[in-house]
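Here is a friendly walk through a model, with the sequence and the fold side by side. Please keep both in view as you read.

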Amino acid sequence: MRPVAVVAAGKTPFGAFSGLDLRALAVEAGEKCLANARVPRERIQSFYLGNFAGPAFTGQNHLAPYISMALGLEGIPATRVEAACASSGSAFFHAWAEVAAGIYDFVMVVGVEKMTSQSTARTTEILASAGDLAGEIRAGSTFASLFAMIARRHMHEFGTKKEHLAAVAVKNHAAGALNPDAHMRKVITLEQALAGRPIADPLGLYDCSLISDGAAAVILAPLERAAEFTANPVRILGVAQASDYVALDQKADITTFPAVRRAAEKAYQMAGVGPRDIQFAELHDCFTIAEIIATEDLGFTPRGCGGPYAMAGYTSLQGERPINASGGLKSKGHPVGATGVAQICDVVQQIRGQAGERQVARHSLGLAQNLGGSGATCVVSILAEA
Amino acid sequence: MRTGTVYTETVIYSAAEAFAAEAPFQTAIVALDGASEPSRRLTVRIAGGRVSIGDRVVEVDSRGGVPFFQKVPLSADDVPRPEKSPG
């Protein structure tokens, strides 16, 4: 395998954009990405689209060539990847594999989701299709309720408190308020976070990420050629994808995500680094409890300690290991299929030192963790200064 | 009738479109008796009063393929008996 670099990154703001459809969002991100490096579009040899539920949200299917042709990437293979909320993380993983294996030199990955054209109840139903329809979903489960059951068990086993969950929300909103591209730029207090209306006990409104529109894009190239196209390439030190059961009730222990542990172990091994070396991270905080468990599964804090770890400030923008300096899914927004690549864009921006007010102090080695469903797919990527 | 123990639970306030009219309602993952974990855990709806982790539950209904479980009342020995009326 040859080393691979991210040579270009670009994304749309995240939010509710009534005037922009799925294709317009994807094209905007793609064009921003192409403008971010000296890679002429005719050099792109393969295209991946990460998208969860475009057909359900918009009615349009056959989305990969629908987007690639609109971007002027004529004739090249265009492949859509669906892995629930990890759709574009998975697309990124497969694009990396093509470049690492030497099949292609220049591969573009776009992640996109257009969610706000549907009602919240309909959106909740579409999102639920990433769960086990024959079991948990038929019983009335939503994704919030699945993570609520995870939170309930984590509280039971480890003494995690609602205040710990709220601390994650407060932290991510504080960071997101500094992000001009974030969906909800609003600082909240612990009291506000705790007073959110109940969604699924013990999760309230402020424990849940946002329903957003948005898109993000990157271009990958062999590291040895990266300098031809950009002054600041970012090296992919390690990347891995792993799987687990789709149904929550099939898992032996719902307070940990085996797919996260497996993907992290492989990514750390490939990168030749350990959890202690990671200076900052973008983690998949679809719900506040998910970030708490991710910090445990990635080895940043011992099992069961994720709540106090977040509350103590270690993961704040000024902490020893900032987590979700972008605002995370919680404040930046969570256009499901765009999230994985958006996390990569955010890590790239930090490594390049271009994150403005939310720039973290130590930014040469960062990690992105993208989770699908209630843990059935996970992609962990470790990026570093080239 | 299947019986088991509540492994985890939640009360859903914001439901998917098809269930919106029923909210709030409680779901739980139940570890079934006499089955090896975790393959015999089941996601169920809770009927009757609310349950918590560790509560004993029994299947009381099935609607559209969805099992409904209810908290098992305390055994008869635990229930204080009404005092016998004198005479």
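This is a predicted model: local features need pLDDT of at least 70, side-chain atom pairs count only at pLDDT 80 or more; totals for chains, interfaces and linings use all residues.

Residues are numbered from 1 along each chain as its sequence is written, while chains are lettered from A and ligands numbered from 1 in the order in which they are written.

**The nonpolar core**

- The largest nonpolar core has 159 residues; such a core is a set of buried Ala, Val, Leu, Ile, Met, Phe, Trp, Tyr and Cys residues joined through C-beta atoms within 7 Å.
- Here a residue is buried if 20 or more other C-beta atoms lie within 10 Å of its own, exposed if 12 or fewer, and partly exposed in between, with C-beta atoms placed from the backbone.
- The members that touch the most others are V6(A), V109(A), V110(A), F147(A), V218(A), I219(A) and V341(A).
- Helix α7 (residues 143–158) of chain A gives this core its largest share, 9 residues; helices (H or I, at least four residues) and strands (E, at least two) are DSSP runs, numbered from the N terminus.
- Beyond its neighbours within four places in sequence, I219(A) has contacts that include V7(A), C33(A), F106(A) and M108(A), a contact being two C-beta atoms, placed from the backbone, within 7 Å.

**Strand β2 of chain A**

- Because 5 of the 5 residues of strand β2 (residues 46–50) of chain A are buried, the strand is largely enclosed by the rest of the structure.
- S46(A), Y48(A) and G50(A) point one way from β2(A), F47(A) and L49(A) point the other way, and all are buried.
- β2(A) pairs in the parallel sense with strand β4 (residues 107–113) of chain A over 5 bridges, where pairing means that DSSP finds at least two bridges between two strands.
- In that pairing, G50(A) stands opposite G111(A).
- Strand β3 (residues 78–81) of chain A also pairs with β2(A) in the parallel sense, over 4 bridges, and T79(A) is the bridge partner of Y48(A).

**G214(A) and its surroundings**

- G214(A) lies in strand β7 (residues 214–222) of chain A and is buried, with 32 other C-beta atoms within 10 Å.
- Although 189 residues separate G214(A) and L25(A) in sequence, the two are 6.1 Å apart in space, C-alpha to C-alpha.
- Other contacts of G214(A) include K11(A), E113(A), G333(A) and A342(A).

**Helix α3 of chain A**

- In helix α3 (residues 63–70) of chain A, the buried residues are L63(A), I67(A) and S68(A).
- They cover an arc of only 120° around the axis (taken from the directions from the helix axis to the C-beta atoms), which puts them on the same side of α3(A).
- These buried residues pack against α1 (22–34), β2, α2 (54–58), β3 and β4 of chain A.
- Just after α3(A), G72(A) takes a positive phi of about 75°.

**Chain B and where it meets chain A**

- The contact takes 26 residues from chain B and 29 residues from chain A.
- On the side of chain B that touches chain A, β1 (3–12), β2 (25–32) and β3 (41–47) of chain B each give two or more residues.
- β1(B) runs antiparallel to strand β4 (residues 56–63) of chain B, joined by 3 bridges, with V58(B) as the bridge partner of T3(B).
- β4(B) pairs in the antiparallel sense with strand β5 (residues 66–71) of chain B over 6 bridges, and R63(B) stands opposite V66(B).
- β4(B) and β5(B) form a hairpin with 2 residues between them, and G64(B) in the turn has a positive phi of about 60°.
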